[in-house]
Each structure stands twice: as structure tokens, then as C-alpha cells.
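Student: Hi! Could you walk me through this one? I'd like to ask things as we go.

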Amino acid sequence: MLVLESESCLAAIRRGQLKHSWLENQVLNKTPDIVVMLRRGNGWPVLQRFTADTEQALALADEIEFGFSPARLVSDCAPLAALPEELRHAIREVVHTAYLECFDTENAAQRIRETTVTMKSALLKLLDEWDKPDDALSDAGLQSRWRAVLDAAEPLRDALDALPKGIVLP
Amino acid sequence: MVKYCWFDHRVHDKPNCLVPELEAFSSLMTLFGAADRKLTSLPSACDSNYTCFIHADGPNGFRQKDWVGIADATKRRFVIFVSSHPETINVSTIPGVYALRKPLPRVVKLMSSEPARLEQFKRSCESGNPDMSCFGHPDHEHLIAAYLVGVALSRGTTIDDTALPVELLPNAQAEYHSLIGAGISLSKPDDLKTQLNLIRQALVPLRQGGTC
């Protein structure tokens with residue numbers, strides 16, 4: 001699959017942010033011991049944003065069909081701006097169809113949705129434990145729930161990794 | 001004269017702030033003659049005439065908005081965010097703030113082999129309008145447009161020869177030559193169908209790199 005780097009591909013930017021800035025740099029690089037240390041220490045304010053990140057992942061799943069489509073280029077590409085709109089529309093339709101033939105967007109979106117739902121569930125269970133008062137908090141419980149988050153984060157990371165990094169050229 | 005500096009917040013002693021080293025960042029700053037101008041904190045808001053490269057892979061505590069806040073195009077104070085994952089850099093369109101959306105190893109290689117790009121970028125900073133195109137390949141919009149038209153033609157779309165902009169084919173051919181060298185002739189729309197694979201191969205180097 002040929003992928004074209006494009007700053008206008010917001011879906012690719014979101015993909016990268018979720019995979020790298022969130023999952024790799026904030027979730028997968030933390031062991032259960034570190035999470036307990038954070039909870040018992042100065043706290044971890046960014047943790048409260050993680051469920052919002054799962055919403056972003058679900059939104060990305062909804063964008064996959066059109067977000068990486070070369071049809072976007074027909075609108076963005078200055079040399080094609082002079083074509084009659086009817087012709088541009090025809091080109092858009094054809095290249096979009098060709099893109100769908102080379103990239104299974106439905107499967108990719110489903111995979112993101114399923115892994116995100118699992119991740120969200122694990123995060124909510126973690127937060128249930130995290131939000132307990134100090135004297136009711138169980139380190140072992142927290143570690144176990146964080147391990148579940150890590151187990152959910154890897155498939156989601158892999159699903160995001162499988163998405164294109166830019167516009168797909170058929 | 002514009003000065004160059006950089007900020008790499010990578011922290012070693014806080015396990016929850018570990019950020020992998022940004023490959024080629026120090027090499028890039030060496031090219032700018034600024035390897036020894038590594039900042040440890042925000043520069044003074046009174047300083048002007050500097051271009052600061054900021055590692056945007058932030059740990060907890062990285063304050064992107066503070067860096068954005070020091071940018072001031074009128075004082076030729078520019079902030080350029082770099083990252084190991086350039087597509088993740090999230091900056092709004094603010095005067096004086098830029099995102100270098102290219103992998104740094106590739107940028108270093110390109111600027112080392114084409115020093116004129118580095119000089120052009122420096123001149124653009126002096127003039128108050130950093131030219132980010134210096135960090136990447138030339139624009140290949142005509143070649144991309146030609147490819148899309150070629151795909152449509154190959155799938156049966158009827159396109160009147162006169163409907164295409166006159167400059168599309170010659171410019172696409174020129175862009176092809178800039179990437180690959182000679183070996184293609186785009187004099188009529190039908191050439192797009194017959195040489196579609198060649199055009200596609202020429203577009204491969206524009207890929208960001210790595211697997212999808």
C-alpha cells in the first residue's frame with residue numbers, strides 16, 4: 001500500500017498522537033510498580049484524560065473510511081482546482097473506490113472500536129481503584145488493574161499501528 | 001543576526017518522564033552551528049532574533065503552551081517543534097510557531113547533501129519568514145494530481161484533453177525528473193494511463209517511511 005505523507009491528513013495526525021503520544025509515551029512505558037508509586041506519591045493528573053483519549057480513538061474509527069482516502073487530495077490539490085467540479089467529483093469517486101479496494105477500512109475501523117472498548121473498560125476499572133481513599137486503596141489491586149490496562153493497550157496500539165500514516169494512493 | 005538554539009527536555013531521573021532520545025536532533029543542531037546552545041529552560045521574553053527547535057515528545061510537565069507563548073514573529077523569535085513522530089505534532093496556526101513534520105534523520109541527510117537548503121532557511125529566518133519547505137522535498141503536487149487523473153483514466157473515466165490544465169502534464173513530468181531523472185514522457189493525457197506505474201514508483205520516496 002502506497003502512503004503519501006500529507007500534513008492535511010488529520011486522521012494520520014490523530015493516529016500518531018494516540019499511538020505514540022498517548023499509548024507509547026504515557027501508558028505502555030509504565031510498570032504496575034510505577035503506577036502505585038504515582039498514586040501513593042504526587043499523583044498522576046494526566047490519567048484523568050485517558051478516557052477522553054479512548055473517545056478520540058472511537059472518533060478515529062469513524063473517520064477511517066474517508067480520513068485516509070485519496071479523494072481528499074482531489075479537493076486539496078491545487079493543480080486539480082481548475083477542473084470542472086463535475087470532473088473532480090468523478091475523479092474523487094473513482095480514486096475513493098480504488099482506495100477501498102486496497103485498504104479494508106471496515107475491518108480496520110472494527111478493530112479500533114473493539115480494542116478501544118476493551119481499553120476503556122480496563123481504564124474505568126483502574127479509576128475505580130485509583131479514586132479510593134488512601135486507607136482503602138490496595139496496591140495489589142491497583143497493580144492488577146493496571147496490568148489489565150497494559151494488556152488492553154497493546155492490541156489497541158497494534159490496531160493503530162496498522163493504520164496508514166498518511167493518504168493512501170491506490 | 002538570527003541565533004539558533006534547542007531544547008530537549010528528555011529527563012533521565014524520573015521514570016514516569018522517560019522519553020526516548022530524539023534521533024538526529026543533536027546532528028541537526030550541529031548543522032546549524034548550535035550544538036552547544038542547548039537550553040535548560042525558557043529563554044527570556046526580551047531576547048529576539050532567535051529560532052528555537054523544541055523536542056515535542058513531551059513527558060508530563062512539558063509545557064508546549066509556554067514555548068508557543070515565547071514565539072513572536074515581529075521580533076524574529078521563532079519556535080519550531082520537532083518529534084520522533086512528526087505526524088503527532090499538534091500546533092495551531094500561530095505566527096512564529098512551526099512544526100517540522102519530517103523525520104529528523106532524513107532532514108539531516110538532505111541538508112548535509114544540499115547545503116544550499118540550510119543557507120536558504122537561514123536567510124528566510126533573517127527575513128522574518130522561516131521557509132519550512134527547505135527541510136523537505138520540493139512540492140510534487142502536479143505529479144500527485146497527474147497520478148490521480150491517471151488512476152481515473154485507467155478505470156474508464158472519460159476526460160476531455162482540454163479539461164486538464166495546460167501546465168499539469170509538463171509540470172508533472174518535470175517533478176518526475178526531479179525525483180527519478182529522465183525516463184517518462186507526459187505529453188498527452190493517455191500517457192498517464194500507460195505510464196501510471198512509473199509515476200507510482202516515483203511517488204514512493206515521498207512516503208514518510210516505515211511500514212503502514
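Tutor: Happy to! Let's start with a term: buried means under 20% relative accessible area, exposed means over 50%, and partly exposed is in between. Keep in mind that this is a predicted model.

Student: Okay, so is Arg76(B) buried, exposed or partly exposed?

Tutor: Arg76(B) has a relative accessible area of 22%, so it counts as partly exposed. You'll find Arg76(B) in the loop between α2 and β4 of chain B.

Student: What is its phi like?

Tutor: Phi of Arg76(B) is near 50°, which is a positive value in a residue other than glycine. Ala24(B) also has a positive phi, near 75°, and is not a glycine either.

Student: Where does Ala24(B) sit?

Tutor: In chain B, Ala24(B) is in the loop between β1 (3-7) and α1 (25-31). Its relative accessible area is 15%, so Ala24(B) is buried.

Student: Why no salt bridge for Asp72(B)?

Tutor: A salt bridge needs a side-chain nitrogen of Lys or Arg within 4 Å of a carboxyl oxygen of Asp or Glu. For Asp72(B), the nearest side chain of opposite charge is Lys75(B), and that is 4.2 Å away. Asp72(B) does have a polar contact of 2.4 Å with Thr74(B), side chain to side chain.

Student: Which strand is Tyr98(B) in?

Tutor: Tyr98(B) is part of strand β5 (residues 97-99) of chain B. With 18% relative accessibility, Tyr98(B) counts as buried.

Student: And what does Tyr98(B) touch?

Tutor: Leaving out residues up to four places away in sequence, its contacts include Phe78(B), Val79(B), Ile80(B), Phe81(B) and Pro130(B). As for Ala172(B), Tyr98(B) is 74 residues from it in sequence and 28 Å from it in space, C-alpha to C-alpha.

Student: Switching to chain A. Where is the kink in α3 centred?

Tutor: Helix α3 (residues 50-67) of chain A has a kink of about 35°, centred on Ala61(A). Ala61(A) is one of the buried residues of α3(A), and Leu60(A) and Ile64(A) are among them too.

Student: What do those buried residues pack against?

Tutor: Their partners in chain A include α1 (10-27), α5 (85-102), α6 (105-130) and β2 (167-169).

Student: Is α1(A) enclosed or open?

Tutor: Of the 18 residues of α1(A), 13 are buried, so this helix is largely enclosed by the rest of the structure. There is also a kink in α1(A), of about 25°, centred on Gln17(A).

Student: Last topic! How many residues of chain B are in contact with chain A?

Tutor: 41 residues of chain B are in contact with 50 residues of chain A. The two chains bury an area of about 3,600 Å² between them, with carbon and sulfur atoms giving 63% of that.

Student: Which side chains meet in a salt bridge there?

Tutor: The rule finds one salt bridge across this interface. Glu101(A) and Arg155(B) form a salt bridge through their side chains, at 2.6 Å from N to O. Five residue pairs are in polar contact between chain B and chain A.

Student: Which helix of chain B gives the largest share of the side that touches chain A?

Tutor: That would be α5(B), with nine residues.

Notes. Residues numbered from 1 in each chain as written. Chains lettered and ligands numbered in written order. Predicted model: local features only at pLDDT ≥ 70, side-chain atom pairs only at ≥ 80, totals over all residues. Heavy atoms only, no water. Buried < 20%, exposed > 50% of the residue type's maximum accessible area, 1.4 Å probe, protein only. Lys, Arg positive; Asp, Glu negative; His and termini not counted. Polar contact = N/O pair within 3.5 Å; in protein donor to acceptor, adjacent residues only side chain to side chain. Bend = angle between axes of the 7 residues up to and from the residue. Helix = DSSP H or I, 4+ residues; strand = E, 2+ residues; numbered from the N terminus. Contact = heavy atoms within 4.5 Å. Buried area = accessible area lost by both parts, 1.4 Å probe.
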